[in-house]
Amino acid sequence: MGARTGKEYLEGLRDDRVVWLGDEQVDVTEDARFAGSLAGMADYFDYQHTYADECLMADPETGEPINVSHLIPRSKADLQRRHVALDRLARYSVGMLGRTPDYVNVTLAGYAGRRDIFELNGDTRAADALCAFQQEVARGDLSLTHTIINPSIDKSVSDVEGINGELAFRVVRRTADSIVVSGSKVLGTLGPFADENFVYPAHPLPPGTDPAYAICFSAPVGAKGVHTVLRDHYGATGPVADHPFSSRFDEQDAFLIFDEVEIPLERVFIDGDLEVYNSLNKHWAANVIQQTGLRAAVKLEFAYDLACRVAHVQNMDKRPDVMKMLGELWMFGSLTRAAVTAGEQGARDWGNGAVFCDDQPFRAIRTIMPTWMARTNEILRLLGSHNLLCTPTAASFEHPVLGPLVKRYLPGANGISAEERAQIFRTAWDFCGSGLAGRVELYEMFYLASQARNLQFDHILAQMDKEWTDYSSFLSVSGIA
Ligand SMILES: Cc1cc2nc3c(=O)[nH]c(=O)nc-3n(C[C@H](O)[C@H](O)[C@H](O)COP(=O)(O)OP(=O)(O)OC[C@H]3O[C@@H](n4cnc5c(N)ncnc54)[C@H](O)[C@@H]3O)c2cc1C
């Protein structure tokens with residue numbers, strides 16, 4: 001099939017999926033509350049055709065067009081090709097959609113490039129299955145979410161001890177040609193709007209862990225026994241102009257319950273091998289943060305432009321305090337882009353001929369990004385103040401009584417019309433303050449694990465690498481010791 005259109009994507013969602021909103025079982029393809037989100041996702045699929053030169057490439061075997069995010073990078077030129085596509089795809093939602101399918105596509109392509117890890121202990125079946133799955137996803141243009149975090153209810157023990165162990169995903173039974181999995185995961189962003197839940201390792205499992213927990217597989221969202229339990233929906237109805245992001249980009253997170261779900265072995269990629277499970281993600285950041293870094297750069301650059309307009313429409317863009325905040329936003333975007341460039345320049349063969357970026361700048365931006373994203377929203381709120389809420393709808397400007405009044409009493413400074421002023425502040429509010437914006441900020445804080453965990457991890461790796469300017473050399477150069 002190759003790269004799908006939006007229409008084809010929507011048709012693919014019509015299956016037996018069990019989706020819960022509150023205590024109600026819903027059909028997301030028919031329920032009006034999800035129409036905006038689904039239109040937003042469908043437009044993403046069409047967008048890849050609009051920018052086909054950048055976003056699509058020929059499948060190496062069949063020649064049909066597939067999304068460039070499926071490329072298994074074997075050279076710096078491949079990474080550059082992927083950069084162009086990922087940057088373009090991020091612009092579709094200015095980075096407000098975190099889980100467009102290119103995210104998990106990049107993860108999966110990285111795993112296929114490192115098939116050697118899956119066969120570390122001789123399991124060629126698993127490696128073959130993973131590579132076949134990657135081709136199936138690329139050629140069918142399937143939309144994947146990843147569900148990798150166990151619902152660690154008790155934070156004082158590991159993910160697989162005590163009550164956590166009772167709830168985490170694990171193999172509960174086997175048949176001759178399948179495993180049967182029960183357990184739950186938090187969260188699956190895009191959960192009800194994806195074709196497949198791809199389940200792979202997040203945090204390493206402690207030595208001696210029951211192999212039943214060491215699994216990696218994919219299951220259709222509509223598989224028997226899968227319950228997709230939605231958080232409240234933050235999508236807004238009404239014209240896109242009134243809610244530029246909420247009207248289309250609520251990518252809908254979900255809590256997932258697997259109740260005895262049968263997974264055929266063709267979709268099982270790790271089956272109890274703790275060593276493979278704990279080795280799989282050593283290259284993950286080096287591969288995937290090219291995608292997440294570009295999305296963040298596009299988003300932060302957009303935020304800078306938006307904030308400049310918020311300042312200009314109030315004629316306060318020359319005020320030193322305002323310029324300082326605008327400069328801060330510019331810095332976030334520039335440093336993010338610079339980190340992506342540095343990562344790409346330091347690309348190398350990470351094994352098996354798979355070329356990924358240098359992970360050091362990537363790990364650094366991963367860790368600082370939650371702070372920058374939260375500060376970006378704070379700056380927009382500081383600059384916007386009450387104006388963020390004094391925003392007539394597009395329709396009010398057309399109303400015979402209200403229209404002339406709001407045009408007269410709510411114009412922008414600098415000769416900017418009332419309509420344009422309202423659009424700027426509506427866009428800003430939906431970016432930094434609306435219900436969806438609050439959820440997006442939480443996503444930015446946690447989707448790559450918590451900042452606390454990443455800081456600890458960065459420190460541990462730094463101690464292993466020992467490549468920094470160190471104390472002893474200074475003493476030695478200074479003739480002190
Ligand atoms: C909107 C959203 C969407 C998500 N989408 C997905 C998805 O699609 N797929 C998926 O698999 N997961 C998803 N997640 C889950 C996400 O991956 C987890 O929330 C993330 O890994 C953090 O998990 P945690 O709460 O266990 O973090 P922890 O690392 O336990 O952090 C929780 C809190 O404890 C603090 N903390 C942790 N360790 C320490 C320490 N040693 N010292 C001091 N403080 C500490 C942290 O600062 C943080 O405030 C999503 C989360 C959100 C919010």
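Helices α12 and α14 pass each other in a left-handed crossing, where left-handed means the near helix is turned anticlockwise from the far one by less than a right angle, and right-handed means clockwise. What you're looking at is a predicted model, where local features need pLDDT of at least 70, side-chain atom pairs count only at pLDDT 80 or more, and totals for chains, interfaces and linings use all residues. Residues are numbered from 1 along each chain as its sequence is written.

**α12 on α14**
- The axes of α12 (residues 359-384) and α14 come within 9 Å and cross at roughly 145 degrees; axes here are lines fitted to C-alpha atoms, for helices over the stretch in contact, with angles running from 0 to 180 degrees between N-to-C directions.
- On the α12 side you'll find N377, L380, R381 and G384, meeting F425, A428, F431 and C432 of α14; contact means C-beta atoms, placed from the backbone, within 7 Å.
- That contact splits into five nonpolar, two polar and one charged residues, counting Ala, Val, Leu, Ile, Met, Phe, Trp, Tyr, Cys and Pro as nonpolar, Asp, Glu, Lys and Arg as charged, and the others, Gly among them, as polar.

**α10 on α14**
- Helix α10 (residues 284-312) and helix α14 (residues 418-432) have axes that come within 10 Å and cross at roughly 135 degrees.
- That angle makes α10 oblique to α14 (under 35 degrees is roughly parallel, over 145 roughly antiparallel, 65 to 115 roughly perpendicular, and the rest oblique).
- The crossing of α10 and α14 is left-handed, with A303, L306, R309 and V310 of α10 touching I424, T427, A428 and F431 of α14.
- By class, the α10 contact with α14 has six nonpolar, one polar and one charged residues.

**Two domains**
- The chain is split into domain 1 (6-280) and domain 2 (282-470), with bounds from an automatic or database domain assignment.
- Their C-alpha centres sit 25 Å apart, and 36 residues of domain 1 are in contact with 36 residues of domain 2.
- On the domain 1 side, α4 (76-91), α5 (102-113) and α6 (115-118) each supply at least two residues, and α4 gives the most, with nine.
- That side of domain 1 has 14 nonpolar, 10 polar and 12 charged residues.

**Whole chain**
- The protein chain has 17 helices and 14 strands, which are DSSP runs numbered from the N terminus (helices H or I, at least four residues; strands E, at least two).
- Its C-alpha trace spans about 75 × 75 × 50 Å along the principal axes.

Methods
Contact = placed C-beta atoms within 7 Å.
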